[in-house]
Amino acid sequence: MSIEQDLETRSGNKCELCGATDGLSVFEVANSPTDGDDAAIYACGTCVSQLSDADSVDANHWRCLNDSMWSEVDAVKVVAYRMLNQLKGEGWPQDLLDMMYLEDDVRAWADAGVADDNAEEAIVHRDSNGAILEAGDSITIIKDLVVKGGGFTAKRGTPVRNIRLVHDNPEHIEGRVNGQMIVILTEFIKKN
């Protein structure tokens, strides 16, 4: 039997992601540790076109992952995981990702396809002059800053050593001033 026939049998002649029955074809799942039908899914034209072109993704179409993420087929779970990661900004996909369980080897396969996307979105912290900041750097405050809730003003020229980067916001760092850990906007600092 061919791979397509195997997938047709496995899927019951339906898209393994959304359940559609028209325009079905074999979709190879990238970075698969195996070959054959274990490395592919049977998917409809709508799913394949959106998997192949990130700009054409319709988030509402992918609500079908609520069901297909529980598939017994590793390739289907990998595609569901990757698409949910791609759509995380919508809100509801994060809830599904939090519920999803993948074996370690399947998680590694799924992450291999997600890592490329996240590398492009890596957060880079830069000071007011555009210099790249790293955790542990020393900086100087370049403007008097009123510290909300701290009851003091961080004066211009104040050195701050051993800064921490705020992982989800490139415009914020943390540093100790007057014995208190505060958040400082990167536009008001320069790297030493």
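In which order do the three strands of the open sheet with β6 stand, and with what pairing? The close-up views below are taken from a predicted model.

**View 1. The open sheet of β6, β3 and β10.** The three strands have the order β6-β3-β10, and their pairing is antiparallel. The edge strands are β6, residues 159-160, and β10, residues 189-191, each of which pairs on one side only. Strand β3 spans residues 139-141 and is joined to β6 by two bridges in the antiparallel sense. Within this pair, T140 lies opposite P159 of β6.

**View 2. The open sheet of β7, β8 and β9.** This sheet has three strands in the order β7-β8-β9, again with antiparallel pairing. Strands β7 (164-165) and β9 (180-185) are at the edges and have a single partner strand each, so one side of each is left without a neighbour in the sheet.

**View 3. The β8-β9 pair and its hairpin.** Strand β8, residues 172-177, runs antiparallel to β9 and is connected to it by six bridges. One of the residues in this pairing is G175, whose bridge partner in β9 is I182. The hairpin of β8 and β9 has two residues between the strands. In this hairpin, N178 adopts a positive phi near 55°.

**View 4. Helix α4 and its burial.** Helix α4 covers residues 74-86, 13 residues in total. From its first C-alpha to its last, α4 reaches 18 Å, close to the 18 Å expected at 1.5 Å a residue. The helix is mostly covered, with 11 of its 13 residues buried. The buried residues are A75, V76, K77, V78, V79, A80, Y81, R82, M83, L84 and N85.

**View 5. The crossing of α4 and α5.** Two packed helices are described by the angle between their axes and the distance between the axes. For α4 and helix α5 (residues 92-99), the axes come within 8 Å and cross at roughly 140°. Because of this angle, α4 counts as oblique to α5; the cut-off for roughly antiparallel is over 145 degrees. The crossing of α4 past α5 is left-handed. On the α4 side the contact is made by Y81, L84 and N85, and on the α5 side by W92, P93, L96 and L97.

Note on methods
Residues are numbered from 1 along each chain as its sequence is written. This is a predicted model: local features need pLDDT of at least 70, side-chain atom pairs count only at pLDDT 80 or more; totals for chains, interfaces and linings use all residues. Side-chain values use heavy atoms; hydrogens and water are left out. Helices (H or I, at least four residues) and strands (E, at least two) are DSSP runs, numbered from the N terminus. The expected span of a helix is 1.5 Å times one less than its number of residues. Buried means under 20% relative accessible area, exposed over 50%, partly exposed in between (1.4 Å probe, protein chains only). Two strands pair if DSSP finds at least two bridges between them. Axes are lines fitted to C-alpha atoms, for helices over the stretch in contact, and angles run from 0 to 180 degrees between N-to-C directions. Angles under 35 degrees count as roughly parallel, over 145 as roughly antiparallel, 65 to 115 as roughly perpendicular and the rest as oblique. A crossing is left-handed if the near helix is turned anticlockwise from the far one by less than a right angle, and right-handed if clockwise. Contact means heavy atoms within 4.5 Å.
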